[in-house]
Amino acid sequence: MTVRKRKDTGKWVCDFYYNGERIVKTLKFARTKKEAEAAEAVIMNQVFQQAYGFEAKPDKSFEEFVVETFLPYSEANKKSFYTDVLVCRVLVKAFKGKTLRQITPPLIESFKQEFASVPTKHGGKRSAATVNYHISVLSKIFSLALDSELIESNPCFRVKKLKLNNQRMRVLSLEEEERLFAALSGNELTHQIVSFALHTGMRRGEIFNLKWFDVDFSRNLIQVRESKSGRKRFVPVNETTRSLLAGLKRRSEYVFTSPKTGSRLTDIKKGFRSALEKAGIKDFCFHDLRHTAASRMADSGADAFTLMKILGHSDIRMTSRYTHATDSALRRAVANLDENSQFGNELATKQKRQAHGLP
């Protein structure tokens with residue numbers, strides 16, 4: 001193999017002879033010699049196939065591949081199928097008219113930056129996690145295309161994802177909770193779901209997927225069958241949650257049902273967002289209800305291992321952030337030192353005597 005870097009443009013070029021004919025091609029996307037040699041190997045293979053009459057596979061439309069291959073795969077193998085459908089609508093629109101091979105790393109990078117900069121339909125800033133999920137779905141699409149030998153490499157591998165701030169910890173205060181429930185007074189379903197989330201710490205998808213046969217009133221337990229980690233777990237039911245569940249009408253196999261379809265609920269964004277705006281609560285999302293529940297349990301004395309089982313975490317490090325040192329926890333920890341301090345006890349006694357005018 002012979003590759004070289006042009007001095008005038010800095011671009012890598014492959015330069016070789018085949019059957020007496022010199023073939024020179026600029027490798028626009030090669031950044032290193034190793035990438036240039038890999039690209040040259042692909043070009044030489046294409047030249048060889050053409051010379052011997054081998055028919056190259058046709059370049060398939062991106063939209064066709066998504067509809068015919070990826071979405072059926074997602075429906076059969078992924079719990080996030082409904083989300084993938086929405087994501088694919090965005091991707092198909094962004095790469096409309098493109099074939100699989102025409103979608104290059106620079107094109108994907110442009111999509112990533114543009115998608116991240118455009119506000120959501122509600123005027124908010126699109127999160128890095130949302131942008132990264134779209135890139136992940138796109139990468140899976142190309143992985144399937146690679147398995148089908150329709151492309152030679154996955155262009156998403158050369159696109160960096162956005163950095164995430166996983167340390168975000170937004171907890172609902174008691175005063176905010178009171179305002180939120182006041183704003184939800186006219187929306188019974190959302191009111192019930194918010195209360196349920198605050199008293200169980202369950203994820204939104206787990207709540208929507210909850211079925212009546214998963215609720216055990218005799219043992220006051222909820223079985224979460226479809227969790228993020230893929231493992232089943234049991235969530236204890238307190239009196240608030242038990243009373244809430246007992247008061248619900250059984251309209252279908254699902255605990256919380258859609259008023260429109262009478263079946264599984266898919267979203268409550270509109271009602272929840274409206275209530276937050278009405279209550280004047282900012283920088284808060286549904287998942288923060290889970291943060292709030294976990295933080296309150298930790299502040300009440302629950303240890304990390306107990307929280308880990310309730311929340312369904314697979315790693316104790318994920319749970320440890322909920323056992324953060326809140327103001328009240330800090331005060332209790334320092335106050336406990338008084339009980340074991342001789343100097344502290346003597347000082348407290350002296351102060352009490354002085355307060356009563358005793359020497």
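Helix H12 (residues 304-311) has its buried residues covered by several elements, including helix H7 (188-200), strand E6 (233-236), helix H11 (287-299) and helix H13 (316-320). Here, helices (H or I, at least four residues) and strands (E, at least two) are DSSP runs, numbered from the N terminus, and a contact means heavy atoms within 4.5 Å. The model is a predicted one, where local features need pLDDT of at least 70 and side-chain atom pairs count only at pLDDT 80 or more, while totals for chains, interfaces and linings use all residues. Residues are numbered from 1 along each chain as its sequence is written, and side-chain values use heavy atoms, with hydrogens and water left out.

The buried residues of H12 are Ala 304, Leu 307, Met 308, Ile 310 and Leu 311; buried means under 20% relative accessible area, exposed over 50%, and partly exposed in between (1.4 Å probe, protein chains only). An α-helix has 3.6 residues a turn, so residues three or four places apart point the same way. At the start of H12, the backbone nitrogen of Phe 305 has a side-chain oxygen of Asp 303 within 3.0 Å. After H12 comes Gly 312, with a positive phi near 80 degrees.

E6 also belongs to an open sheet of three strands, ordered E4-E5-E6 and paired in the antiparallel sense. Strand E4 (215-216) and E6 stand at the edges with a single partner strand each, so one side of each is left without a neighbour in the sheet. Two strands count as paired if DSSP finds at least two bridges between them. E4 and E5 are joined by two bridges, with Val 215 opposite Ile 222 in E5. Four residues sit between the strands in the hairpin of E4 and E5, and there Asn 220 takes a positive phi near 55 degrees.

Another antiparallel pair is made by strand E2 (residues 12-18) and strand E3 (residues 21-27), over seven bridges. Tyr 18 stands opposite Glu 21 in E3. The hairpin of E2 and E3 has two residues between the strands, and Asn 19 takes a positive phi near 55 degrees.

Then there is the second largest pocket, with about 910 Å³ of space. E3 and helix H1 (33-51) are the elements that give two or more residues to its lining, and H1 gives the most, with six residues. Of the 25 lining residues, Phe 29, Ala 39, Val 42, Ser 153 and Arg 158 lie nearest the centre of the pocket. A pocket is an open set of points on a 1 Å grid over the protein atoms alone, with protein on both sides within 12 Å along at least five of seven lines; lining residues have an atom within 4 Å of a point. A volume is the space filled by probe spheres (1.4 Å) set on the points.

Ser 139 lies in helix H5 (residues 128-147) and is buried, at a relative accessible area of 16%. Leaving aside residues up to four places away in sequence, Ser 139 touches Asn 154, Cys 156 and Phe 157.

Notes:
A polar contact is a pair of N or O atoms within 3.5 Å; within protein, one must be able to donate a hydrogen and the other to accept it, and residues adjacent in sequence count only if both atoms are side-chain atoms.
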